[in-house]
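Colleague: I have a structure open and would like to go through it with you. Could you show it here first?
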Amino acid sequence: MNDDEAKKRAALAALELLPQTGVLGLGTGSTTRFFIEAVGALVRAGRRFSCVPTSQQSRALAAACGIPLLDDAGPWSIDLCVDGADEVSDSLDLIKGGGAAHTREKIVNFASKKNAIIVDASKLSTRLGEKRAVPIEVLKFAHGTTRHALEQFGAPTLRVRDGGPVLTDAGNYVYDLTVAPLDDPRAFDGLLKGVPGVVETGLFCARADYVVVAEAQTVRMLSRQM
Ligand code: 5RP
C-alpha cells in the first residue's frame, strides 16, 4: 500500500458521512485533495452541495472540480467539514497546519456542525508532539520577539521553503514548535495563544467527531463523544 492509496481510501470512506445535500467544509492537503475530487464527481452526478474551502489551494481545486463555493466572509452553516491532520492522538486531538492552513481550517472546523478527519495510520500517536512539531501562525511584525517568547514552550523554527519564509493565505509566517509530548494539549494551546503575535496554533482539541483511518487492509472509523 503506498501513501496515496491509503489517503484515497480514507477520503472515499468519508463519503458515507455526507448528508444527501448541504454545506460542506473542504480541508487542505494531499489527503483532502482526494475528498474534494470525489465531491466534485458527486456534484457532476447531480448531488447538490455548496462548499467552504479552507485555503486558496482548496478553493482552486474545488472550483476546477465544478463544486459551488461560498465566499470567504461567512457566516456559514456548515453541515460537515472533512479535513486531514498531521498527527492524531489516542484521545483524537489533532496537530494540523502542515500545509500552513490551520487558521482557516480551525475557523471552518468551529463553524461546522460535525467534523471528520481523514488520515492514514502513520499519523496516529499516543500523545501529540510525539511525531510532529506544533505549527503556529505568527504575525510578521516582531516575529523575532514572538519566537523568543515561544522558546519558553519548546524549540520554534521558522518554516522556510524555496529560500524564503512560508507565507500563509493571510500573509503571516509559520513557526514549527518542537515540544515534549503533550499531556494536556488544550492547556498548552491556551498558553501559546497568550503570546502576543500568535495568530493561531495547529492544536485542535476535541474538534474531531470522526477520524477515518486507512490501515494496511481496512479503514477504521473512530468517533468521540463531543
Ligand atoms: C494543512 C493541514 C493538513 O490537513 C495536514 O497537513 C495533512 O496534510 P496531508 O493530508 O497532506 O498529510 O493541516 O494545513
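Colleague: Which strands does helix 4 lie across?
Modeller: Please keep in mind that this is a predicted model. Helix 4, formed by residues 102–110, lies across strand 7 and strand 12. Its direction makes an angle of about 65° with strand 12.
Colleague: And which strands does helix 6 lie across?
Modeller: Helix 6, residues 185–193, lies across strand 7, strand 11 (173–178) and strand 12. Helix 6 runs at about 165° to strand 12.
Colleague: What is the order of the strands in the open sheet of four?
Modeller: The order is 8-11-7-12, and the pairing is antiparallel. Strand 8 (155–158) and strand 12 (198–201) are at the edges; each has a single partner strand, so one side of each has no neighbour in the sheet. From one strand to the next, the twist averages 30°.
Colleague: How many bridges join strand 7 and strand 12?
Modeller: There are three bridges between strand 7 (residues 134–138) and strand 12, in the antiparallel sense. Within this part of the sheet, Val138 is opposite Val198 of strand 12.
Colleague: Let us change topic to the ligand. Which residues come nearest to the ligand?
Modeller: The ligand has 17 residues around it, and those that come nearest are Ser30, Thr31, Asp86, Gly97 and Lys123. Helix 2 (30–44) and helix 4 each contribute at least two residues to the shell around the ligand.
Colleague: What lies 3.0 Å from an oxygen atom of the ligand?
Modeller: That is an N or O atom in the side chain of Glu105. A polar backbone atom of Ala101 is 3.1 Å from a ligand oxygen atom, and a polar side-chain atom of Asp83 is 3.4 Å from an oxygen atom of the ligand.
Colleague: How much of the ligand's accessible area does the protein cover?
Modeller: On its own, the ligand has 380 Å² of accessible area, and the protein covers 91% of this.
Colleague: What is Ser112 in contact with, leaving aside its neighbours within four places in sequence?
Modeller: Ser112 is then in contact with Ile78 and Cys81. There is also a polar atom of the Ser112 side chain 2.7 Å from the backbone oxygen of Val108.

How values were computed:
Residues are numbered from 1 along each chain as its sequence is written. This is a predicted model: local features need pLDDT of at least 70, side-chain atom pairs count only at pLDDT 80 or more; totals for chains, interfaces and linings use all residues. Side-chain values use heavy atoms; hydrogens and water are left out. A polar contact is a pair of N or O atoms within 3.5 Å; within protein, one must be able to donate a hydrogen and the other to accept it, and residues adjacent in sequence count only if both atoms are side-chain atoms. Contact means heavy atoms within 4.5 Å. Two strands pair if DSSP finds at least two bridges between them. Axes are lines fitted to C-alpha atoms, for helices over the stretch in contact, and angles run from 0 to 180 degrees between N-to-C directions. A residue is near a molecule or strand if one of its heavy atoms lies within 4 Å of it. Accessible areas come from the Shrake-Rupley method with a 1.4 Å probe; for residues, only the protein chains shown count as cover.
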